[in-house]
Amino acid sequence: MTPLLLATASLLLAPQRHPLHTTHTDLRQRSGEVEIVIRAFTDDLHRAVAAHERSTDDSALVRYVRATLTLADAAGRPVLLTLVGTRIDGDITLVTLRAPLPGGLAGARIRQAMHMELFDDQVNVLRAEYGGRQTSLLFTPGDAARSLP
Amino acid sequence: MRISLLFLITLASGTAGCQRNVEPPPQHTADSHRIRDLDISFYEARVARDPYGARDRATLGALYLQRARSSGSEGDIFRAEALARTSLHTRHKRNGSAISVLISSLMAQHRFVEAHTLAGELAALDSTDLGARAMLGEVALELGRYDEAAHVFSNVALSRTSPAIAPRYARWLELTGRSGEARLMLESLRDTLASGFRVPPEQLAWLELRIGEMAAKNGRPGLARKSYSRGLALLPDDPQLLAASARLSATAGAWRPAVALAERSLAERFDPMTLALLADGYAVLGDTAQAAQYAHAMEVAVSRLPSGFHRGWALFLLDHGRRVNDMLARATADYATRTDVYGADLLGWALHRAGRDRAAAPYAISALAQHTRDGLLYYHAGMIALALGDTTLAGARLREALDINPRFDPFAADTARAALAGLPGAPR
C-alpha cells in the first residue's frame, strides 16, 4: 500500500505541537445556579485525581475538583459544586458540575487550580458568561482566588 | 498498486462525509470528528486483539495524529510515535505507512533530525513514491537544508500539483521568495479538492488557512480575509482560522474584533500565541490588568518546553523584553540543528535584543539568503543594521519590509516607518 498519505497528517500538523498543560472551564449562569463545564486532557486529569485520591472513580473526581476549583458567592460564602456527569471526547474529558448561586456570578470569587500540583507551567483558562457579558480569567500556579467583575 | 491520492487523503482523514459543496454545514465537522473517534475506537479494539497487526497500528497512529491537530494533545502524538515504532518492530519491510506516521510524529515534536533520517529511508524504499520524496523535502526545509530541498522538489516538479506534493512544494516556493506562485498553486489545489468527492472539510479549511496566511504576509489583507472566511464557513470554530483572522484584524489596527476573535480561538484551543495576541490587544485597548494577566500566562505556559521550541513565542518574549537571555540560549541551541531562515532570523533578533548587534548581523544576512518575502525578516535585518549605524542598509531593508507588506506586523510596521523617517535624508 502507498504510504497512506499519512504524509498529509504531517502537513496539517507539522510545526504546531508543543506540550502544553492547560484546562478550560466554562461557567454559565442559569437562573439561580451556575453550570460549570471543565475540559481537561484525560491523561492529566487521571494522573491528578489518582495522585490526590488514590482512586479515579466519580467520587474521587468530584473530591479532587472541589479541592482545586473553588467558588464563593459575592459575600464570600463557599459554594458546593455538584457533579452532573463526565464525558470523554477524544482524549479530552468534559466534567460538568452545577452550583447554586442565587446572587449570580457578578462579584463571585473563583480559583481554578487543577493540575497545578503536577505542572508548574499549568495555565487554566476560565470563561464566564453572565448578565449578557463574557469575561475571561487565567490562572497560573500561585494565583489566589479572584473576583468576577 | 497506486491508489488515488485524493482517496488516500480522505482515507487518512477517516471521514465518511459526502459533501461536495465548498461550504458544508458545520454539522459535518462534528460528523467527521465523530467518525474519526469511531475509527479510533475500532482500530484500538483491533490493535488490542492482534499483537502483530502492523498495518492497524500505523492506521491508528495516523488517526491519533489527526486528532492531535484539533485537540493539541501531546499524548496523541506520543501514542502515534509508539504505535509506529511497534508497527515497524513487527514488520520492518514494506511498511512505509508506519514510517510516515513516525516521521509525522517526530516532526510534531520538532525532532527534525530524526525525522530527516527516516524520511531519507522512506524515500529510498521506493524511488517512485513521489509523496515520500516530497516529505523528505519538507523535513529538509525545516532543517534549512535548502540545496537538498531544491534537489528533491525539482525531482517531483512534474507532479507538483498532486495533493500529496502541492502543499510541500508550495512551502518550498514560499520560503524561496516565490510566494505568489505558491499561493496560486494552493488555490488551484483547493479548487480541485472542493469539487472532489468525500473531501473532508478539515483539508479544505487548512488550505484556506495557508492561502490566507500567504496573502496576509504579502500585503493582500482582502484576499486573506476572504480565505479565512471561506475556511470558517467550513469550520466555524477552527481555532487556527480564528487566530489568523484575529492577527489580520490586529495588523489593520482593528483591536476590538481582534480580541473577540482571539478569545473565541482560545476557547477552542489553548495556544500561547493567542495569549500573546490577547496581551497586546488588551494593552492597546487600555486594559493593562488583562494585558499583564495574558502576558504572564503566556510566559508560564512556555516556561518548560521539553520537546519543542516555538519561534513565535520566543519573538513575543523578546519583543516584550522578557527572558531575553533564556530566549537567546534557546535560539542558539535551536540553530545548532535548524539553520533555516527563520532560525537565523530569530537568533539574529535575540542577539540584537541582547545588545549584541555585531554578532547579530551575519544571521540577519542568512535570514534573507532565500529571498523569503516576509516583511518581518527585512524589518529585523533593518533594525540590526540601524543599530550598527549602517543607515543606508537599514533604509533599504526597512523599505523592503514595507514594500512587501505595509502592515506586516501590528507594531513593527509603525516602528519601521518611524525609523525610516528618522534616517538622514528622509523627507521631513
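## The six-stranded sheet of chain A

In this predicted model, chain A holds an open sheet of 6 strands, with mixed pairing and the order β4-β5-β2-β1-β7-β8. Strands β4 and β8 (133-139) of chain A stand at the edges; each has a single partner strand, so one side of each is left without a neighbour in the sheet. From one strand to the next, the twist averages 15°.

Let's start at β4(A), which covers residues 82-89. Is this strand buried or in the open? Of its 8 residues, the number buried is 0, so β4(A) lies largely in the open. For reference, a residue counts as buried here if 20 or more other C-beta atoms lie within 10 Å of its own.

The partner of β4(A) is β5(A), residues 92-100, and the two pair in the antiparallel sense over 7 bridges. One place to look is D89(A), whose bridge partner in β5(A) is I92(A). The hairpin of these strands has 2 residues between them, and G90(A) takes a positive phi near 65° there.

On to β2(A), residues 33-41: this strand runs antiparallel to β5(A), and 9 bridges join them. Here you can find I36(A) opposite L97(A) of β5(A).

Now turn to β6(A), a strand of residues 109-112. In a regular strand the side chains alternate between the two faces of the sheet. In β6(A), I110(A) and Q112(A) form the covered face, while R109(A) and R111(A) form the uncovered one.

Which strands pair with β6(A)? Strand β3(A), residues 69-72, is joined to β6(A) by 4 bridges and runs antiparallel to it. Strand β9(A), residues 146-147, is also antiparallel to β6(A), with 2 bridges.

## Domains of chain B

Chain B is divided into domain 1 (165-236), domain 2 (239-295) and domain 3 (311-421). Taken over C-alpha atoms, the centres of domain 2 and domain 3 of chain B are separated by 23 Å. Their contact takes 8 residues from domain 2 and 7 residues from domain 3.

What supplies the domain 2 side of this contact? Helices α13 (239-251) and α15 (272-284) of chain B each supply at least two residues, and α15(B) gives the most, with 4 residues. By class, this side of domain 2 of chain B has 6 nonpolar, 1 polar and 1 charged residues.

How values were computed: Residues are numbered from 1 along each chain as its sequence is written. Chains are lettered from A and ligands numbered from 1 in the order in which they are written. This is a predicted model: local features need pLDDT of at least 70, side-chain atom pairs count only at pLDDT 80 or more; totals for chains, interfaces and linings use all residues. A residue is buried if 20 or more other C-beta atoms lie within 10 Å of its own, exposed if 12 or fewer, and partly exposed in between; C-beta atoms are placed from the backbone. Two strands pair if DSSP finds at least two bridges between them. Domain bounds come from an automatic or database domain assignment. Two residues are in contact if their C-beta atoms, placed from the backbone, lie within 7 Å. Ala, Val, Leu, Ile, Met, Phe, Trp, Tyr, Cys and Pro count as nonpolar, Asp, Glu, Lys and Arg as charged, and the others, Gly among them, as polar. Axes are lines fitted to C-alpha atoms, for helices over the stretch in contact, and angles run from 0 to 180 degrees between N-to-C directions.
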